[in-house]
Amino acid sequence: MQKILVSACLLGNPVRYDGASRPCAAVQELVGRFQLVPVCPECLGGLPIPRTASEIVQTTPELRVMSADGEDRTAAFLEGARRCVEVARREGCTLAIMKAKSPSCGSGAVYDGTFTGALVPGDGVATRLLTSAGVRVISENDVESWLVECVGGGGNRER
Ligand code: SF4
């Protein structure tokens, strides 16, 4: 059975910064069809639950991730991303379904570093590292189109 790396919060695990989860029906419906491997990069990087929210505030000349209360969390985010890649390699995952917009897991768009909810084009820290390691990263919003593309049909799943 194909193994897929998944943001743990999408499977209902209460690992978000606020101690909540973000269960996603489209992802949960993959249980039994694929072997889902849950990861939370921020937890793997040693950050606690709950924790102050963080955002990517700078990408060049080097990455910088800050918490809303001014703590530099770059090292924890990089460590968590590195460990996600380790898990993907160990488990043989070539696909990851990662939570949209997150500074760790987002793909294509992430919060802009102002903690206002605004988005900018870009990828989260774990997504970047996974992608550079050859893992395809999609968000929970792409699951149904991925099923149609790769499996031959995802049906009319609820959101
Ligand atoms: Fe979910 Fe990723 Fe945030 Fe962890 S780091 S709570 S898996 S979005």
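In this predicted model, the largest nonpolar core has 19 residues, of which Ile4 and Ile97 touch the most other members. Such a core is a set of buried Ala, Val, Leu, Ile, Met, Phe, Trp, Tyr and Cys residues joined through side-chain atoms within 4.5 Å, where buried means under 20% relative accessible area with a 1.4 Å probe and protein chains only.

The largest share, three residues, comes from helix 5. A second, separate core of 14 residues includes Val37, Cys93, Leu130 and Val137.

Leaving aside residues up to four places away in sequence, Ile97 touches, among others, Ile4, Val27, Leu30, Ile138 and Val143, contact being heavy atoms within 4.5 Å. Ile97, in strand 5, also stands opposite Val6, and two bridges join strand 1 to strand 5, which run parallel.

These strands belong to an open four-stranded sheet with parallel pairing and the order 2-1-5-8, two strands being paired if DSSP finds at least two bridges between them. Strand 2 (35-39) and strand 8 (136-139) form the edges, each pairing on one side only. Helix 5 packs on the sheet, touching strand 1, strand 5 and strand 8, and its direction makes about 130° with that of strand 8; axes are lines fitted to C-alpha atoms, for helices over the stretch in contact, and angles run from 0 to 180 degrees between N-to-C directions.

Residues are numbered from 1 along each chain as its sequence is written, and side-chain values use heavy atoms, with hydrogens and water left out. Local features need pLDDT of at least 70 and side-chain atom pairs count only at pLDDT 80 or more, whereas totals for chains, interfaces and linings use all residues.

Conventions. Buried means under 20% relative accessible area, exposed over 50%, partly exposed in between (1.4 Å probe, protein chains only).
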